[in-house]
Amino acid sequence: MMNEPPGSELSASSQPSELSDLIERSEPAKPSERDAPQMRLLPWSTPDDRPCFLITDGDGGPVSDLADSIEEMQLGIGEELLRYARAMHADPKVPDREFRFLSRRLAEALGDALRVARN
């Protein structure tokens, strides 16, 4: 053989080291779903109201973390609006104008929640 270092696979007289032994016994690596690029719908849109997407490997990152924070905040706003709506329904003296305002905000919150749910 050529001048192979001891423990090398090309060296016929040496026994395999623990590391090469483990490598030989392990199964071949299978590509995982995390390795494939994924498209993530972001919780904001372009100025002309088109959806924004992030191409990601699934490991996160600053834009993904920002999107997670915004989605969490949007869901929190939706929960708060729901509490207001329940309180308003319990009060028969609430003016119609306030119900219409609340209705618009609830529609926005529902849109945000559905966007998060579909993501």
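The model is predicted, so local features need pLDDT of at least 70 and side-chain atom pairs count only at pLDDT 80 or more, while totals for chains, interfaces and linings use all residues. Residues are numbered from 1 along each chain as its sequence is written, and side-chain values use heavy atoms, with hydrogens and water left out.

α2 has 29 residues and reaches 43 Å from its first C-alpha to its last, close to the 42 Å expected at 1.5 Å a residue (1.5 Å times one less than the number of residues). Among its buried residues are Ser64, Glu71, Leu81, Ala85 and Met88; buried means under 20% relative accessible area, exposed over 50%, with a 1.4 Å probe and protein chains only. The cover over them includes β1, β2 (51-56) and α3.

Leaving out residues up to four places away in sequence, Met88 touches Val94, Glu98, Phe99 and Leu102, where contact means heavy atoms within 4.5 Å.

Over on the surface, Met39 sits in strand β1 (residues 38-45) and counts as exposed because its relative accessibility is 59%. Met39, Phe53 and Ile55 form a nonpolar patch there, with about 370 Å² of accessible area together (Shrake-Rupley method, 1.4 Å probe, only the protein chains shown counting as cover). Patch residues have over 30% relative accessible area and no salt bridge, with like charges joined within 9 Å and nonpolar side chains (Val, Leu, Ile, Met, Phe, Trp, Tyr) within 5 Å; a salt bridge is a side-chain nitrogen of Lys or Arg within 4 Å of a carboxyl oxygen of Asp or Glu.

Technical notes. Helix = DSSP H or I, 4+ residues; strand = E, 2+ residues; numbered from the N terminus.
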